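Please open the model in your viewer and keep the selection tool at hand. The stops below go from one pair of side chains to the contact between the chains, and then to a few places within a chain.

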Amino acid sequence: MASWTAKPERIVGFATFYPLEDKKVIELAAGIRTAESAIQSAEQLFKSIGKETFRVKDTPGLTFPRILSLIINEAARSLEEGVATAEEIDVAMQLGVNYPHGPLRWADQIGLDEVLAVLEGLQRETGDDRYRPDAPFKEIGHRGFSRRDLRQRFLFIQRRSGETMKEAVIVEALRTPMGRHGGILKDVRTDDLGAYIIAKLIDKTGIDKEEIEDVYFGCTNQAGEDSRNIARNASLLAGLPYTIPGATVNRLCGSGLEAINQAGRAIQTDHGDLFVAGGVESMTRGPWVMAKPSNAFQRG
Amino acid sequence: MGAGIAQVAAQAGFETLLYDISQEFIDKGLGRIRSFLQGSRERGKITAEQEKQILDRLHSTTKLETFEGSDLIIEAVPEKLELKRDIFKQLDGICGPETLLATNTSSFSVTAIAANTQHPERVLGLHFFNPPPLMALVEVIQGDRTTAEAVDKATDLMRRMGKTPARAKDTPGFIVNRVARPFYNEALRILADGDATVETIDRIMRLAGNFRMGPFELMDLIGHDVNFAATESLYRSFLKIRGFAQAPFSTKWSWEEISEGRRGGVFTSMTRNSLAIIGANRLSQELLELSRGAGLKAVLLSDLAELTPTTPVVIETSSSHVEKKNRFSKSSI
């Protein structure tokens with residue numbers, strides 16, 4: 001990579017896998033023309049964010065990503081050959097040799113595109129067949145899946161191989177105060193009320209907004225301020241990115257609960273990992289409903 | 001390993017029969033179980049009453065015929081295919097078809113072991129991990145002719161024995177031995193290529209990968225002969241595909257171990273941060289202070305007899321030629 005630059009002496013390589021949080025050590029690698037001073041500043045930088053560094057030689061995947069990618073590749077191969085289910089492979093590695101995670105869930109967490117990149121790099125540089133990525137990786141390479149699809153790749157295989165459903169849990173729950181009809185909340189728009197609680201929920205849990213799969217909200221009136229998909233409007237007002245969709249459901253008094261149940265079912269069946277679900281209603285601000293004339297110039 | 005498995009069964013409340021070819025081996029196994037249980041009692045994990053009950057559930061025999069009428073028989077004899085086949089053939093004749101016959105093999109095909117039996121449908125693999133009383137996992141292996149009912153029954157029994165079963169097909173290395181192969185083999189390759197040192201690789205895998213032990217520490221612990229044999233067995237079983245080929249170096253180390261009949265110490269001796277200093281002089285004292293200051297575990301010994309065989313680094317500081325010769329010639333202890 002340094003060869004593409006005008007100043008190759010300042011290019012330093014480092015290798016790790018997402019997430020950084022649980023890594024105490026980062027591996028650094030110098031290219032042929034990397035300056036000692038560049039390596040040292042990289043070391044200092046990582047030190048300042050609390051990471052120890054190790055210098056290793058410049059090879060694809062360096063040490064940890066290289067070894068882990070091969071373990072994941074072997075696990076993927078075993079899965080494709082039907083040796084065991086994804087769940088059983090993961091449990092076996094955790095309990096049989098004390099791995100910190102099962103290799104397949106670990107791969108889903110890292111992103112299969114990252115693992116694929118290490119394997120392909122090793123295969124390209126060494127020409128050794130041992131690094132040939134297994135079928136699911138190649139499929140990813142050819143189809144150009146998005147990251148979100150990649151993350152779920154092994155979960156799909158898992159479902160195919162008859163694993164039991166995932167467990168859905170409620171991470172955090174919040175509620176706005178409730179007001180009387182025409183009471184203290186009479187001036188708060190319904191969509192703002194929904195947005196307020198979504199924003200607070202994200203603050204309190206500290207979740208990454210981008211990780212949200214969908215927002216389900218129950219609402220019965222759905223007229224006026226809460227019309228036209230309040231789940232979506234409230235999420236946008238709460239500052240969620242426009243890439244996170246929303247859906248409003250109506251089961252009258254059971255609407256909020258229905259929204260939560262739908263999110264739970266979606267998680268159990270592997271349609272996503274993280275959902276915001278709830279409900280919002282303001283009877284005070286519900287508009288009067290008047291029938292439209294059936295034609296332009298109504299008589300009588 | 002057989003004694004460990006017997007202990008697990010007896011602890012879970014099963015009447016357990018321990019077989020070996022001679023009373024001497026049985027006594028050895030029972031002795032290990034007794035000392036394990038004694039330790040558990042002393043740490044307050046079990047009561048004296050429970051200890052007695054567990055031991056009362058353990059019976060022993062030197063005759064395979066005694067197994068007649070058992071629900072499940074788990075074989076854990078040395079990894080020799082002919083030996084295992086022979087035992088299964090005998091058990092097949094002794095026990096009715098309702099008895100489950102399981103092998104604790106880690107390197108042979110369950111189907112191959114069952115080949116000589118009249119009722120291969122009840123022959124399966126139950127692969128325990130060492131030491132069985134502490135490791136939760138058991139791989140339940142379905143041979144080509146094993147029925148699903150037999151696998152279900154064995155899976156259920158493993159749960160009742162307090163284990164976590166993981167079912168796998170009868171393929172080389174099953175799950176763990178196969179998927180874990182690159183952990184050792186790729187680490188050896190990185191070392192052989194000179195990309196990183198033993199200590200660096202171990203630390204990176206522990207601190208970046210959150211593995212409990214680095215690959216080299218772990219290889220030292222399980223033994224290079226054992227690790228070598230596991231890789232070799234997979235390589236042969238997969239018809240010598242490159243992925244399972246031995247990494248450079250592993251041959252050398254494993255043979256060194258096999259010939260000397262010892263375990264471990266190949267890598268950790270290079271890396272462990274502890275040392276012993278021998279010699280009563282000022283230099284020794286200064287070395288001791290320096291090493292401790294640098295965070296090493298250092299001890300000063302006045303006599304060679306105090307030296308433990310596992311001490312990785314020994315520094316000898318005497319200025320006397322005679323004394324040096326005397327000490328170094330005894331370094332085998």
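Select B:R178, which counts as buried because its relative accessibility is 1%, where buried means under 20% relative accessible area, exposed over 50%, and partly exposed in between (1.4 Å probe, protein chains only). A:E81 lies in the loop between α2 and α3 of chain A and B:R178 in helix α7 (residues 176-179) of chain B, so the pair joins two chains. Helices (H or I, at least four residues) and strands (E, at least two) are DSSP runs, numbered from the N terminus. At 41% relative accessibility, A:E81 counts as partly exposed.

Before going further, note that this is a predicted model, in which local features need pLDDT of at least 70 and side-chain atom pairs count only at pLDDT 80 or more, whereas totals for chains, interfaces and linings use all residues. Residues are numbered from 1 along each chain as its sequence is written, chains are lettered from A and ligands numbered from 1 in the order in which they are written, and side-chain values use heavy atoms, with hydrogens and water left out. The predictor gives the complex an ipTM of 0.71 and a pTM of 0.64. For chain B the mean pLDDT (the predictor's confidence in each residue, from 0 to 100) is 85, and 84% of the residues of chain B reach 70 or more.

Next, select A:R66 and B:E186, whose side chains meet in a salt bridge (2.8 Å, N to O). Between chain A and chain B the count is six salt bridges.

Now show the whole contact (heavy atoms within 4.5 Å), which takes 42 residues from chain A and 42 residues from chain B. The area buried between the two chains, that is, the accessible area (1.4 Å probe) that two parts lose on being put together, summed over both, is about 3900 Å², and carbon and sulfur atoms give 63% of this area. Colour A:I67, A:V83 and A:R130, which supply 17% of the area that chain A buries against chain B, more than any other three residues.

Move to helix α4 (residues 103-110) of chain A, where six of the eight residues are buried, among them A:W106 and A:I110. After α4(A) comes A:G111, whose phi is positive, near 105 degrees.

Which residues does A:T176 touch, leaving aside its neighbours within four places in sequence? A:T176, placed in the loop between α8 (153-160) and α9 (190-205) of chain A, is then in contact with A:L193, A:Y196 and A:I197. At 15% relative accessibility, A:T176 counts as buried.

Close by selecting A:R189 and A:D191, which form a salt bridge with the closest N and O atoms 2.9 Å apart. A:R189 is partly exposed, with a relative accessible area of 35%, whereas A:D191 is buried, with a relative accessible area of 7%. In chain B, select B:E79 and B:K84, whose salt bridge has its closest N and O atoms 2.9 Å apart; B:K84 is buried, with a relative accessible area of 0%, and B:E79 is partly exposed, with 33%.

Definitions and conventions. A salt bridge is a side-chain nitrogen of Lys or Arg within 4 Å of a carboxyl oxygen of Asp or Glu.
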